[in-house]
Amino acid sequence: MTYLPLSIADPIKGEFRIGATYYLAVHHVKQTSYIAVHGRDNKILLQSLPDLPFIQSSYGQDQIIAGDGGVFKITEIVDGPSNTTVAQTVDTIESNDTGLHLNGILKFADDRSIGYSLHFRELPPKQLDFSLQLDVAQDNKDHHRIIFSFESNANEDFYGFGEQFSYSTLKGQKVPIFVREQGIGRGQEPVTSILNDPSGVFGDFAGGDSFTTYCSVPQFLSTDNRSLVIKNSEYSSFDLRQHDRVSVRLNATLLEGRLFQGDNLLDLVSEYTLYSGRMHCLPDWISGGAVVGIQGGTEKVRKVIKQLQHYKTPIAAVWLQDWCGKRLQKTPNGVEFKRLWWNWESDDTLYPDWATFVNDELKSQNIRVLSYVNTFLANVEKKQSYRNNYFLEAEARGYLVRNPSSKTEHQTLIISSGTDFEAGILDLTNPDAVVWFKSIIKQHIYDAGVSGMMTDFGEYLPYHSDKVSLYSGISSEVYHNRYPQEWAKLHSELVRDIGLENEAVCFYRAGYTCTPGYVNLMWAGDQNVAWDEHDGIKSAVTGMLSGGFSGFSITHSDIGGYTTISAAPLLKLVRSKELLFRWMELSAFTAVFRTHEGIIPELNAQFYDDEESLAYFAFCAKLYASLSPYRKQLIQEAHTKGWPLMRHLVFYYPHDPVVRQITYSQYLLGDSLLVAPMLAPSVSHVKVYLPKEEGVTWRHVWSNQSFTPTGQDIHVASPFQRPAVFIKEPRQDGGLLDEFIAFTTYQSSV
């Protein structure tokens with residue numbers, strides 16, 4: 001039987017109110033039918049495509065396979081005529097005090113049909129809730145899926161979707177929404193192919209691709225001044241490949257979402273973050289200097305601090321991720337390196353007097369300590385010394401995620417993060433487990449005087465319920481993406497309960513829609529110690545800027561990168577001194593200036609290697625500290641408005657086609673500083689694009705040369721100690737950049 005793709009019942013015509021501001025209009029033009037949802041000033045927020053269904057359903061299971069180390073491979077089934085509805089009817093539309101209600105039928109080619117209902121509800125003044133329900137029996141194993149499509153145009157660019165490390169605008173792409181390890185390489189060759197080779201030494205699909213990310217959010221904002229978020233946590237994807245439409249595909253029979261309207265892109269971020277939550281303010285102390293990442297124990301920490309103090313390096317904190325001890329791990333090809341013991345108590349060998357060292361020695365020098373924790377618990381029976389085995393305790397109490405197919409006594413789900421590196425996952429749906437874990441963190445971290453930690457992971461939970469059993473009974477298909485959000489909530493509650501909201505810093509890499517409301521710092525995760533745009537320093541900038549569109553407004557990256565590979569002759573990635581220095585410069589213009597030694601410290605260039613490196617680190621830390629008054633204002637702005645510190649230029653120049661395509665080459669820190677970091681080796685000049693703007697100039701801080709922005713490229717020298725930075729004039733920073741200007745002026749004269 002042949003159906004019209006979209007059939008709107010004849011009596012349905014005209015406009016239907018949705019509260020005081022919004023309305024839905026039904027259009028019949030020259031035998032063509034479509035609907036449009038209008039907002040303030042009659043602006044169209046959603047519009048169906050003429051004579052095409054805007055709601056469809058398909059069935060069949062997508063393939064989402066988990067590999068070791070939190071990596072996942074996603075293969076969507078093809079939504080074709082054999083398993084997808086081909087026609088839609090709109091049978092009734094009713095507007096009343098509860099909103100607008102639209103009902104109809106979705107039809108398959110073989111004459112089967114599914115009922116649906118679509119509801120809109122106004123949330124004044126700039127938000128519109130909607131829900132789409134399929135009338136499918138709960139025991140239907142075909143797993144019907146929602147496909148929701150609406151009109152776009154060739155000139156509409158899309159930003160957001162969490163932290164995206166390969167693209168700025170996602171127009172022309174299909175974006176999967178799934179929290180997972182971002183992979184190693186992500187398209188950079190030969191790294192990616194080697195890591196993705198199932199017969200290789202690294203395991204299946206560990207290389208990732210252009211869309212693998214720790215922080216994935218079903219949300220966008222566009223240059224048409226509209227924004228949309230899907231509230232669901234099931235797997236979804238956004239297809240932006242066709243120039244005239246957006247298709248949202250969701251593995252659920254109920255889709256819940258919200259539309260946002262704004263006067264500009266910054267206004268849209270403010271509206272969206274009223275829903276997602278806004279990041280908490282960082283404490284003032286962290287803006288005063290470097291967060292120094294050191295491993296190796298008490299004596300090494302003392303030595304490095306003394307070296308830094310010799311160069312008068314401003315130190316805000318030391319980050320001691322190995323506070324819990326380290327163990328040897330071997331790769332399949334025999335390379336040895338050390339990773340942490342995931343048992344959350346201090347290690348008596350590396351830090352024998354932990355609390356005394358933190359409180360009496362370091363805090364007396366006004367140096368705070370940050371530590372490390374993650375979502376896992378490892379069995380420490382093989383550890384040389386320990387006081388508690390929290391894995392066994394959690395297992396006995398039922399606090400770990402279970403595997404229903406396991407034949408073991410407790411059915412504990414064991415995850416792998418590499419060879420001989422297994423652990424259980426904390427079950428965050430169990431309230432008793434959350435209380436228990438909080439007590440451990442309080443006792444061993446906060447009661448010891450520590451000021452926060454890297455709160456790592458959150459992306460490992462398997463997706464399919466036949467492999468996962470959670471305490472609450474919730475499906476892992478629903479909970480997988482939500483897990484990192486609940487992980488952040490746990491720490492937020494703990495910090496609030498013990499009264500350290502103005503002291504503690506917890507930084508995350510994994511996140512979902514509402515994560516921003518629970519955290520005060522993100523970091524860009526594990527980049528390779530490399531220059532490239534796929535998984536190196538360039539991708540870190542792309543990811544930090546992308547996150548700003550989705551409410552992740554306060555962020556930074558590991559100085560120098562993290563992932564180091566020693567697998568010669570097959571593959572070798574080690575950090576050069578030049579990369580380390582340029583990453584230091586970049587990080588001076590982010591929220592936090594924090595180093596990381598990398599996964600194999602002895603192979604990487606380190607800031608403490610020699611006198612030149614120590615001096616350069618001191619210079620960049622001072623540069624970072626000179627921006628403290630300005631940065632604090634931006635942090636407050638992030639909390640009250642949701643605006644990111646690091647801002648893509650499209651926020652201010654949305655109609656400039658060059659600006660829309662910028663990925664990593666330049667960004668704004670606030671609205672008064674233009675930063676063009678040096679992201680390539682053996683180069684001494686950068687190209688900077690100055691969007692056309694009347695009545696202002698951009699002054700280069702090192703040469704004092706001013707440039708009138710006329711939509712042109714300029715080339716600026718950027719030798720070491722002279723990162724390309726420009727101040728907008730006439731100045732509008734209220735004097736907050738005075739200290740920075742004094743520092744750069746002095747440095748230019750010496």
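## The second largest cavity

I64, A66, F72, P462, Y463, H464 and K467 line the second largest cavity. A cavity here is a set of points, on a 1 Å grid over the protein atoms alone, where a 1.4 Å probe fits but cannot get out, and lining residues have an atom within 4 Å of a point. The volume of this second cavity is about 30 Å³, a volume being the space filled by probe spheres set on the points, with grid points joined across faces, edges and corners. Its lining has five nonpolar, one polar and one charged residues. Ala, Val, Leu, Ile, Met, Phe, Trp, Tyr, Cys and Pro count as nonpolar, Asp, Glu, Lys and Arg as charged, and the others, Gly among them, as polar.

The model is predicted: local features need pLDDT of at least 70, side-chain atom pairs count only at pLDDT 80 or more, and totals for chains, interfaces and linings use all residues. Residues are numbered from 1 along each chain as its sequence is written, and side-chain values use heavy atoms, with hydrogens and water left out.

## The largest cavity

The structure holds two cavities of 30 Å³ or more. The largest has a volume of about 80 Å³, and its lining consists of I35, V37, L46, Q47, S48, F54, L118, F120, F148, S149 and F150. By class, eight of these lining residues are nonpolar, three are polar and none is charged.

At least two lining residues come from each of strand 4 (32-38), strand 5 (44-47), strand 11 (113-123) and strand 13 (145-151). Strand 13 gives the largest share, three residues. Strands (E, at least two residues) and helices (H or I, at least four) are DSSP runs numbered from the N terminus.

## Nonpolar cores

In soluble globular proteins, nonpolar side chains tend to be buried together. A nonpolar core is a set of buried Ala, Val, Leu, Ile, Met, Phe, Trp, Tyr and Cys residues joined through side-chain atoms within 4.5 Å. Buried means under 20% relative accessible area, exposed over 50%, and partly exposed in between (1.4 Å probe, protein chains only).

The largest core has 178 residues, of which W344 and F740 touch the most other members. Leaving out residues up to four places away in sequence, W344 touches W323, C324, Y372, V373, N374, F376, L377, Y390, F437, I440, I441 and H444; contact means heavy atoms within 4.5 Å. A second, separate core of 52 residues includes L102, L106, F238 and L255.

## Aromatic pairs

The whole structure has 42 aromatic pairs. Rings of Phe, Tyr and Trp (its six-membered ring) pair if their centres lie within 6.5 Å; planes under 30 degrees apart count as stacked, over 60 as edge-to-face and the rest as tilted. Y616 and F720 form an edge-to-face pair, with 5.9 Å centre to centre and 90° between the planes. Y616 lies in helix 11 (residues 611-626) and F720 in the loop between strand 41 (712-717) and strand 42 (724-729), so the pair ties together parts 104 residues apart in sequence. Y616 is buried at 5% relative accessible area, whereas F720 is partly exposed at 39%.

Elsewhere, ring pairs link W342, F376, F421, F457 and Y460 into a cluster.

## Surroundings of M544

M544 is in helix 9 (residues 537-547) and is buried, with 1% relative accessibility. Not counting residues up to four places away in sequence, M544 touches A524, T555, H556, S557, T590 and M646. The C-alpha atoms of M544 and H648 are 9.5 Å apart, although 104 residues separate the two along the chain.

## Backbone details

Cis peptide bonds join P124 to P125, with omega about -5°, and E729 to P730, with omega about 5°. P125 lies in the loop between strand 11 and strand 12 (127-135), and P730 in the loop between strand 42 and helix 14 (738-749).

R186, which is not a glycine, has a positive phi near 55°. R186 sits in the loop between strand 15 (174-177) and helix 1 (191-196) and is buried, at 0% relative accessibility. N366, also not a glycine, has a positive phi of about 60°. N366 lies in the loop between helix 4 (354-362) and strand 25 (368-374) and is exposed, with a relative accessible area of 54%.

Definitions and conventions. On a 1 Å grid over the protein atoms alone, a cavity is a set of points where a 1.4 Å probe fits but cannot get out, and a pocket is an open set with protein on both sides within 12 Å along at least five of seven lines; lining residues have an atom within 4 Å of a point.
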